[in-house]
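Subject: Structure handover

Hi,

Here is the structure for your files. My notes on what turned up in it follow below.

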Amino acid sequence: MFSEQDMASSMFWAPVVGLVLGLIALLPPLAGLAPHVPELRALMWIAVMAWTTRALHWDGLADCMDAWGSGARGEQFQRILKDSRCGSFGVLALVLTLLLQELSLSRIFSGSFPSAWWPALLAPAWGRANMLLLPALLPPHPVSTLGRLMAPGCTLSRAVSWFAVLFVPLLLLMGARASLITLLLSFAIQLFLYRLARRENGFNGDFLGTSCILCESSLLIAPLL
């Protein structure tokens, strides 16, 4: 439906889309649903995020962790990465990350609005800003589809600019400690994915989805650490 140029240029707006998604996911608690059950509010946030994005990034996390956890390399790694079936490592990654988000968000929604709720708004934008970094540092894998289409729109200057733009509200709204923890966790995630993609001759869209979900989760958990 869209040209390759459209797909690439859309990446500039990925963090803005994240802010919009964060706001949409906050609508149920803002409407007053489940005021005394923060765990349910957290589950609604996760469900809205998954529904509005067709769980695309969660699928990438499962695929990437299946391929990494298998210990395979080369062509076998790529076969597992492209396999639509979900193996044990993918299931574990999904369950543990979902539990991490549920725990973090339930604590966030236990606090008062708006002072404690900022991470739930900013996390989707932060996760999508991190999607810009890996394609700026490495070429996509030769058989990549979505990753290859998105890569030309992911420049290092654009990634750094978005990090700078988002880090200011993180500092102001979450404090220096939580912001630094977010940055360190995100750096560790990006380093892991960079080394894995370099070993496997480039990244694909599953790597970007993994980066989005894990860096989003790092911001959610940071205030609790």
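The largest cavity holds about 70 Å³ of space. A cavity here is a set of points on a 1 Å grid over the protein atoms alone where a 1.4 Å probe fits but cannot get out, while a pocket is an open set with protein on both sides within 12 Å along at least five of seven lines. Lining residues have an atom within 4 Å of a point. A volume is the space filled by probe spheres set on the points, which are joined across faces, edges and corners. By this rule there is one cavity of 30 Å³ or more.

The model is predicted: local features need pLDDT of at least 70, side-chain atom pairs count only at pLDDT 80 or more, and totals for chains, interfaces and linings use all residues. Residues are numbered from 1 along each chain as its sequence is written, and side-chain values use heavy atoms, with hydrogens and water left out.

Back to the cavity. Its lining includes Ile 46, His 57, Trp 58, Arg 128, Cys 212 and Glu 216. The elements that give two or more residues to this lining are α4, α5 and α13. Helices are DSSP runs (H or I, at least four residues), numbered from the N terminus. By class, the cavity lining has six nonpolar, three polar and two charged residues. Ala, Val, Leu, Ile, Met, Phe, Trp, Tyr, Cys and Pro count as nonpolar, Asp, Glu, Lys and Arg as charged, and the others, Gly among them, as polar.

The largest pocket has a volume of about 790 Å³. It is lined by 29 residues, and Leu 56, His 57, Met 131, Leu 146 and Met 150 lie nearest its centre. Two or more lining residues come from each of α1 (4-9), α2 (14-25), α5 (56-69), α10 (146-150) and α13 (205-221). The lining of the largest pocket splits into 12 nonpolar, 11 polar and six charged residues.

The second largest pocket holds about 190 Å³. Among its lining residues are Trp 126, Phe 163, Phe 187 and Tyr 194. The largest share of that lining, six residues, comes from α12. Nine of the lining residues are nonpolar, three are polar and none is charged.

Next, the cysteines. The whole structure has zero disulfides (cysteine sulfur atoms within 2.5 Å). For Cys 64, the nearest cysteine sulfur is that of Cys 215, 12 Å away. Cys 64 is buried, at 0% relative accessible area. Buried means under 20%, exposed over 50%, and partly exposed in between (1.4 Å probe, protein chains only). Cys 212 is also buried, at 0%. Its sulfur is 8.2 Å from that of Cys 215, too far for a bond.

Last, the backbone. Most residues other than glycine have a negative phi, and most peptide bonds are trans. The peptide bond from Phe 113 to Pro 114 is cis, with omega near 0°. Pro 114 sits in the loop between α7 (88-110) and α8. Ala 55 has a positive phi of about 55°. Ala 55 is in the loop between α4 (38-52) and α5, and is partly exposed at 28% relative accessible area. Asn 201 has a positive phi too, near 65°. Its place is the loop between α12 and α13.

Best wishes
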